[in-house]
Every structure is written in C-alpha cells, then in structure tokens.
Amino acid sequence: MRVSIVVAVSENGVIGAKGGLPWDLPDDQKFFKTLTLGGCIIMGRGTHDSVGRLLPKRTTLIISRNPEFSVEGAQVFSAFGDAVAWARSQHLAEVFAVGGASVYAAALPLADRLYLTRVHAEVEGETRMPGPPDPADAGFQLVSEERRNPDERHALAFTFQTWERSSA
Ligand SMILES: NC(=O)c1ccc[n+]([C@@H]2O[C@H](COP(=O)([O-])OP(=O)(O)OC[C@H]3O[C@@H](n4cnc5c(N)ncnc54)[C@H](OP(=O)(O)O)[C@@H]3O)[C@@H](O)[C@H]2O)c1
C-alpha cells in the first residue's frame, strides 16, 4: 500500500491560518477531490474540526489522543501508525495523509509519495509544514509538475508537484 501525503504549502512554509486554509484556490480543491474520491484519508482532529464535516465518498480516519472523541461515519485512532495499519489490513492501494501539521510529521518518515501544491506567495499563518522545505532533502524525487497562473478564480499562482521516494 502506498502512503501518500497531500498538502498545499506557501513559499514560507505555511499550510494553515486562523484554523483554516490561508487561500481560496478552487482548482486545488478540485485536484484534492479528484485524487481522494473513493479513497481513504487520514486527518488530525484539528483538520476535521476545520472542515466541519466528513468529506463525502471517502473513508475517513481521524487521529485523536482523546479516547472519548468519536464521529459518526469515521473511525478514530489514537496514533497515525494505527490508522495506517488499519488501512493496510483493508488491502487498499493507497492511503492519503491530508493534514494537519502533526499528521504530516507522522506521515513524512513513511510516505512513498507527496502530492505537493506549491502556492507561490508568502502568507501569514500559524500552521506550518514540518520537514525540510525541499522534499529532495527528505529523499523524494520530483516526478511531475504543472504550473497554474493566476486567473479570475485564483488570486495566486500555484504549481502541482508529485514527488516520489523509493522504499529501497
Ligand atoms: N494546506 C493544506 O494542505 C492543509 C491540509 C490540512 C490542514 N490544513 C490546515 O491545518 C490546520 C489544522 O492543522 P493542525 O496541525 O492544527 O491540526 P491537525 O494535525 O489536523 O490535528 C491536531 C490534532 O490531531 C490529533 N493528532 C495529530 N497527530 C496526532 C498523533 N500523532 N497522535 C495522536 N493524535 C494526533 C490531536 O488531536 P486531539 O487534540 O483530539 O488529541 C491533535 O490535537 C488548519 O488551519 C487547516 O486548514 C492545511
């Protein structure tokens, strides 16, 4: 099973501001939806709170240390590794770690693939992507990228990148 990280990061490493996303990029949201639809996503309790609902047509695994936390329609695990082990037991082809910061930190050592949206701006925000700014320094290699320029729906330019790390 492939463990994949899906994240959008500003040039100064920010992924979240005031508990939400620091930008409005509909085509990045569309990319996320297309990628994860029908699949299994792992998120922290904070990201679940920030989304405010379960994303439809996905299996959702939520990480929380609170043994009393539960969400109807999702499974809650007390550690990221337990959620990955459950996903493996289901013989899934891929599982997506979708944030926030502490979930990415737990996922980075295990991840085989990184779907990275580089948002070409410096933004303010309290939540930052852990790990080295350049995925190459974490052993990933860039396998594809596609740049999008600003348009009437997107105030910021961004680039979709896919990075892979061989498990050898
Ligand atoms: N740019 C992006 O691609 C992206 C993606 C996702 C989220 N975000 C942004 O990131 C922010 C939310 O992220 P966050 O970092 O604040 O929160 P988070 O990582 O989603 O959630 C943190 C909570 O998850 C639980 N948790 C996380 N890691 C754990 C572990 N290893 N073991 C056990 N429990 C664990 C804990 O819950 P308990 O407190 O219940 O124990 C912890 O308080 C928001 O602003 C959101 O919009 C951005």
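Lys and Arg count as positive and Asp and Glu as negative, while His and the chain ends are not counted. A charge is placed at NZ of Lys, CZ of Arg, CG of Asp or CD of Glu. This is a predicted model, where local features need pLDDT of at least 70, side-chain atom pairs count only at pLDDT 80 or more, and totals for chains, interfaces and linings use all residues. Residues are numbered from 1 along each chain as its sequence is written, and side-chain values use heavy atoms, with hydrogens and water left out.

**Exercise 1.** Find how far apart the mean positions of the positive and negative charges lie.

*Solution.* Take the 17 positive charges of the protein chain, then the 20 negative ones. Their mean positions are 4 Å apart.

**Exercise 2.** List the secondary structure elements in order.

*Solution.* The protein chain has four helices and 10 strands. Their order is β-β-α-β-α-β-β-α-β-α-β-β-β-β.

**Exercise 3.** Describe the largest nonpolar core.

*Solution.* Such a core joins buried (under 20% relative accessible area, 1.4 Å probe, protein chains only) Ala, Val, Leu, Ile, Met, Phe, Trp, Tyr and Cys residues through side-chain atoms within 4.5 Å. The largest has 26 residues. I5, V7, I42, F80, L114 and M129 have the most contacts (heavy atoms within 4.5 Å) inside it. Elements that each supply at least two of its residues include β1 (2-10), α3 (80-89) and β7 (113-119). Now take F80: not counting residues up to four places away in sequence, F80 touches I42, I63, A97, V103, A106, A107 and L110.

Definitions and conventions. Buried means under 20% relative accessible area, exposed over 50%, partly exposed in between (1.4 Å probe, protein chains only).
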